[in-house]
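Me: I have a model open here and want to talk through the fold. Can you take a look with me?

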Amino acid sequence: MRQTILFYNPISTSPGKQRLPMSLLAIASVVAADYEVEFIDGNLIADPAAHIIERAKATGAKLLAVTVMPGPQLRQAVPVCKQIKAALPDLTILWGGYFPTHHYEVILRSDCVDYVIQGQGEAPFRQFVDALHNGGALHDTPSLAYNDSGTIRTNPRAPYVPPGSLPWYPYDKIEVSRYVGRSYLGERVLSHNSSFGCPFACNFCAIVALAQRRWLPESADRLDQIITYMQQNWQIDGLELHDMDF
């Protein structure tokens, strides 16, 4: 029986404006072939803490992976993770994204987050997941930050991986139709990231620490295949590209 991994997307927008949780889809893509993956979206569920606790108990999940940006996501993620950790202290909680990459120290000194992955997460996440479920040295995971008996430690970053070398998002594991929306681009619009990172070093931007001035694009052929797949399956007439450097 395959182990289940839970992925939590804290609330980020108002009702009806939710977009695909692309950061979590990207991370889940590297484990979906070998593990069961479930997405819990705070934009769609009124009480994500209760839902996560219920699903963790039902599936025996060992890991909750959370993506966090400053703002609404952080405001919801903190109390939700506190509630989950109080109810399920053995459930490992891992944060990734803009906010944890910058502020891992304060996060790891809290009482509700066990680990942080900094920067591009796909390759280190796969290594972490395998070690957690199959045995191995969790603390050897590249890009990992953790609290070692009061000392915050950070591992060297994993090599960056071009998006074209990673699997497609596991669209079959999420209700994509719930994310089809309207915008000035069309009546049936979805979203996608066609690249990772940004080559610039603007001092106001959170992407600099996340991507360290790398910019890694998908190929035109791969992007064409993904857009065609979306159009055929969800009849989109518009696509929002949420790349970091736009």
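Me: What is the bridge partner of Leu 94 in S5?
Reply: Tyr 115 is the partner of Leu 94. This is a predicted model, by the way.

Me: In which sense do S4 and S5 pair, parallel or antiparallel?
Reply: Parallel, over 3 bridges, with S4 covering residues 92-96.

Me: And the sheet, in what order do the strands come?
Reply: The order is S2-S1-S3-S4-S5-S6-S7, 7 strands in an open sheet with mixed pairing. S2 and S7 (151-154) are the edge strands, each pairing on one side only. On average, neighbouring strands are turned by 25 degrees against each other, ignoring direction.

Me: Which strands does H3 lie across?
Reply: Helix H3, residues 72-87, lies across S1, S3 and S4, and runs at about 165 degrees to S4. Helix H4, residues 98-108, lies across S4, S5, S6 and S7, at about 165 degrees to S5.

Me: Changing topic: which residues in the largest nonpolar core touch the most other members?
Reply: Phe 7, Leu 20, Val 31, Phe 125, Leu 190 and Met 230, out of 42 residues in that core. Elements giving two or more residues to this core include strand S1 (4-9), helix H5 (122-134) and helix H7 (220-234). H1 provides the largest share of this core, 6 residues.

Me: What does Met 230 touch?
Reply: Leaving out residues up to four places away in sequence, Met 230 touches Leu 20, Tyr 171, Leu 190, Ser 191, His 192, Gln 235, Ile 236 and Leu 239.

Me: How many residues are in the other core?
Reply: That core, apart from the largest one, has 29 residues, among them Ala 49, Ile 53, Ala 56 and Phe 99.

Key
Residues numbered from 1 in each chain as written. Predicted model: local features only at pLDDT ≥ 70, side-chain atom pairs only at ≥ 80, totals over all residues. Heavy atoms only, no water. Core = buried A, V, L, I, M, F, W, Y, C linked by side-chain atoms within 4.5 Å. Buried < 20%, exposed > 50% of the residue type's maximum accessible area, 1.4 Å probe, protein only. Helix = DSSP H or I, 4+ residues; strand = E, 2+ residues; numbered from the N terminus. Contact = heavy atoms within 4.5 Å. Pairing = 2+ DSSP bridges. Axes fitted to C-alpha atoms, helices over the stretch in contact; angles between N-to-C directions.
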